[in-house]
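Here is a friendly briefing on the structure shown below. Have a look at it first, then read on.

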Amino acid sequence: MANQWRRGRLLTGVAAVAVASLTLAGCGGGSSSGGGSSSGNSRGPITFVTGKDNSGVWAPMIAKWNKAHPKEKVTLKEQTDQADQQHDDIVQHMQAKDPGYDIVTVDVIWTAEFAAKGWLQPLTGQYKFDTNGFLPPTVKAATYNNTLYAAPWASDGGLLYYRKDLVKTPPKTLDQMWNDCKIAKQHNMSCYAGQFAKYEGLTVNATEAMNTFGGQVVDSAGKPTVNSPQNQKGLQMLVDHVKNGDIPKQESTFQEEQGRIAFEAGKFLFMRNWPYCYSLASTEGSSKVKGKFAVAPLPGVNGPGASSLGGHSEAISTYSDHKQTALDFLKYITAPAQQKFIAMKGSLAPVRASLYDDPALIKKLPYLPTLKTAIANAVPRPVTPFYPAVTTAIEDNAFAALWQGKPVSAALSDMQKAMQSASSGS
Amino acid sequence: MAAATVAPAPEKTRKSLRAGEGRRGILLVAPTLVMLAVVILYPLVRAVIQSFQKDEGLNPATGMFVQGGYAGLSNYSHWLLQQCAVAGGGTQPCPEGTLGSQFWGAFGITVFWTVVSVGIEVILGLWFATIMNREFRGRGLVRAAILVPWAIPTAVTAKLWFFIYAYDGVLNHILGFAGIPPQLWTSDTWPARMGVVIADVWKTTPFMALLILAGLQLISKDVYEAAEVDGASRWQVFTQITLPLIKVPLMVAVLFRVLDVMRIFDLPYIMTGGANGTTSLSILVVKQIRQGFNSASALSTIVFIIIALTAFVFVKFLGADVIQRPPGYTKRKWFRRKPPEASQSVEATPEGAEAA
Amino acid sequence: MTTEALPVTAGAAEQEIGPPPRRKDRGKAVRSYLGLAIIVLWGLAPFYWMIVTAFRQVGFTFVTTPWFTHTTLDNFRTAFSTARGNHFGQALLNSVIIGVATTAIAMLIGVFAAYALARMQFRFKYLILGIILGASMFPGVALVSPLFSLFSNIGWLQGWNYQAMILPDISFALPLAIYTLTAFFGELPWDLEEAARIDGCTPGQAFRKVMLPLAAPGLFTTAILTFISAWNEFLLASQLSNSDPHHYTVPVTVAIASFSGAQPHQEPYTAVMAAGTIVTVPLIILVLVFQKAIVSGLTAGGVKG
């Protein structure tokens, strides 16, 4: 084996010396004689960085790993549970080239930015990560420039909550759903609750509507392609139903919670929201819809619609000294056993398709089969290193179209221009 | 008194007591100046330098970020002229959905808040002060009550009003009694803007009232009695006696409030996150920091200049005399070694007193 | 301020024929007390609502009964609970640390400067006073990005980074402290100091032994105002504090603004109001006890604390 590598080194010449010696050290495997910590691919203790462990899944998983790998112990470093603060914390440590952040947990919308900054180790070559059996959209969300930069770990998708006491069969298509709004009128309720305040949730809802009609925000090369006839249809649909009152005016303040509270108070027939509402609406004291609601995939044009994808991936820092250990740890936490554990213990949505059919899990999380459909049809939010600018472009223009009478065509054209200007430097 | 009065040297001053004062004075002020230089001057200079650099751009071939290089004035024209880059070079007017397109809007709403909030605060403050200036029992209670809004941290104030403004909240409930339909206080453009005004006025009117009250209390009763004897109407008393007499403290208070609102951040940031036409200049800077550091530096430099100009106008033309120099000390003599009265010392000095 | 009365020209004044004096007086008194009632209501009503909500059960958040109903202490427990990723107790401690350190250092530095400005003649004095006042008008937001990158480079955004907030807070508090102190010092009977000097005290001794005790009320007031200003600071803390749960240096203002509920998207109104009450009550007590001093400090400096 060593000979093979030496021959390679001779062939590729002097320029490749550095690269080759890195690779050599990788061959050392478990031996301690490798390139040492500076070579960046040896093994050893690592630090794992994630947001506040509210669901309590990390401590037991890491304890188990540490027992089996006494020389490659993982230390948990918890951040806050505020997404913006987590983002900024990673940025600071990466700018400081901190080798102490070996694995970082990235929200699906940060992957491209961090990758383009050169902070994430591509999961190719000796660090190849096998994504077989993963739900495809979760892999897509971790991919930038056709390169996988992170291991999908937990997913999330939007669901349609509906009042099963009032709607016999859940609507499969958008037309059916809007048609059912007359039931809401009969019962003096509002029809559809989404997230339409001017914040990240509006980007989620607007892109869902646009993706459902087959539109895109950016193409696979990251070029803005938002000004398209499909997107026009999607956004126009929302605008039309704001106008006819199916989406009532107070929804311009709605984030997830306002919608949930209103739905639980029995004010809405339908609600688009995340899986977290399920247990709250079934158990919370103030909920008036206990046992009266169910979930379905978001309706689309002819079948299930396109949900936006939420969730988190795990990435190895370029500045890590122990990348091989880090890679092994990624494989460990995404293995079926651990994925099942996070679903059971933390009610998190796994990234492995097979788990959605697990009877024990379905018993615990009855919405899982629905969520599987939702995630399988999900479209990742735009994968672009300029995500903050892109989401501002969508939020501002969608809000103007929905609530301030801006023509949809003008809104889309401005979105397109705004995104282009972001990607060509201020 | 509404301004720092720099005490004129007592005439009896003996020269020896003042020996070495120049150096000692500088020495005593030095720590303050060093502090301000480190935390204010250095960052300011740094921001100006950064503002002439382009933000990182994407190398289309690799998809990786690369340094932006020298930007000239393009970061400034981006904000002031609202010019955004187009793919393939050149610029176009910034479309909606870019932060660049929000500059003049943010400037406008900041000025709007400044004028409306401070205007209402002055009027209410005058009214409050007039009431409190009368003799009454329970003065302490009223003064304590009025200090409560002032003492609550702005962040808490914002959260409190955010709750009061909720759609199902108490304000809409009260308005319901008056037959006013519920308003979207944090997400309809104008209600949200007025929501910020209301919360700001609530919090800072007490400050204004107390400053005005202090000014009022300096006016001798005789003046009013004389006016009453002369048969002046209340409006005349107010405009011809009260206002001119409290002009300086009032202008100083207005100046500080104006600069506060020009810099407003916490209140709209916590209440609306800057959505729906409530992005102040300060919020815009913080938003831009996420999208590009150097462009944000240019914006913060612009904000600094706007505020400096405002302060200058107030001090120079509107009589907000924050530094009250002793009489005889004219501005031209700023750089003189000693003001006139210091050289007026009469006696020679006994050597012995010159200890230290 | 000079209080020269403006001459009131009698001819310009119109005679106002009002109701008989006694009824007028009574009407005036009623109006006065009505006005006072409005002022008290103005100051206390929203604050009262915060406290009422702080004691309400979560399920009854939006009940609008104006007195205490559905009371519970749960919200206070929730506020201090760390189970949801909030660290309110630590944040309170952080605010105290930052507030006390800022006040102590700013007072120490400020007293020297204010003494020099109030008592001494030296070159550039008014220019320096102008610079110090100018600094108080400086927009904090212009410091955020440069301080962020500066502190990031020297590693001040990690670990227990109280200094990253204390240092800027001092610079913000200093101008106001100096301004207020200079005004106080200007009113002191400095003859006493001179007498002490003639008796053989050094300037330092004269200041410490004679003047400092006289200046104590002014110093105390300034310290309160400085502490309140540091306690209330939000903008820089929101960008520069460390939110790492193991090195948590976030002060209460920022902690409250980003208070998170049991679920990722939940806005825990009642717990936030409970937290707000806890943050505010010490200040209210401070204000009630020292209201005279605070008012004199506010008006002496003519600036917000």
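What percentage of the 356 residues in chain B do buried residues make up? The share is 47%, where buried stands for 20 or more other C-beta atoms within 10 Å of a residue's own, exposed for 12 or fewer and partly exposed for anything in between, with C-beta atoms placed from the backbone.

Please keep in mind that this is a predicted model: local features need pLDDT of at least 70 and side-chain atom pairs count only at pLDDT 80 or more, while totals for chains, interfaces and linings use all residues. Residues are numbered from 1 along each chain as its sequence is written, and chains are lettered from A and ligands numbered from 1 in the order in which they are written.

**Confidence**

- The predictor assigns the complex an ipTM of 0.83 and a pTM of 0.81.
- For chain C the mean pLDDT (the predictor's confidence in each residue, from 0 to 100) is 80, and 87% of the residues reach 70 or more.
- Where pLDDT is low, the predicted coordinates should not be read in detail.

**Chain make-up**

- Chain B has 13 helices and 6 strands, taken as DSSP runs numbered from the N terminus (H or I of at least four residues for helices, E of at least two for strands).
- Chain C, in turn, comes to 12 helices and 0 strands.
- Buried residues account for 51% of the 305 residues in chain C.
- Of the contacts between residues at least 6 apart in sequence, 69% in chain B join residues at least 24 apart, and in chain C the figure is 74%.
- In chain A, helix α12 (residues 323-333) is mostly covered, with 8 of its 11 residues buried; among them are Phe329(A), Leu330(A) and Ile333(A).

**Helix packing in chain B**

- Helix α4 (residues 139-151) of chain B packs against helix α7 (residues 189-217) of chain B at about 125 degrees, with the axes 7 Å apart; axes are lines fitted to C-alpha atoms, for helices over the stretch in contact, and angles run from 0 to 180 degrees between N-to-C directions.
- The two helices α4(B) and α7(B) are therefore oblique to each other, since angles under 35 degrees count as roughly parallel, over 145 as roughly antiparallel, 65 to 115 as roughly perpendicular and the rest as oblique.
- Ile146(B), Leu147(B), Pro149(B) and Trp150(B) of α4(B) meet Trp202(B), Lys203(B), Pro206(B), Phe207(B) and Ala209(B) of α7(B).
- By class, this contact of α4(B) with α7(B) has 8 nonpolar, no polar and 1 charged residues; Ala, Val, Leu, Ile, Met, Phe, Trp, Tyr, Cys and Pro count as nonpolar, Asp, Glu, Lys and Arg as charged, and the others, Gly among them, as polar.

**Helix packing in chain C**

- Helix α4 (residues 125-136) and helix α6 (residues 163-186) of chain C pack at about 125 degrees, with their axes 8 Å apart.
- On the α4(C) side the contact includes Ile132(C) and Leu133(C), and on the α6(C) side Pro175(C) and Tyr179(C).

**Interface of chains B and C**

- Here 113 residues of chain B are in contact with 104 residues of chain C.
- Helix α1 (residues 21-50) of chain B gives the most to the chain B side, with 17 residues.
- That side has 81 nonpolar, 17 polar and 15 charged residues.

Note on methods:
Contact = placed C-beta atoms within 7 Å.
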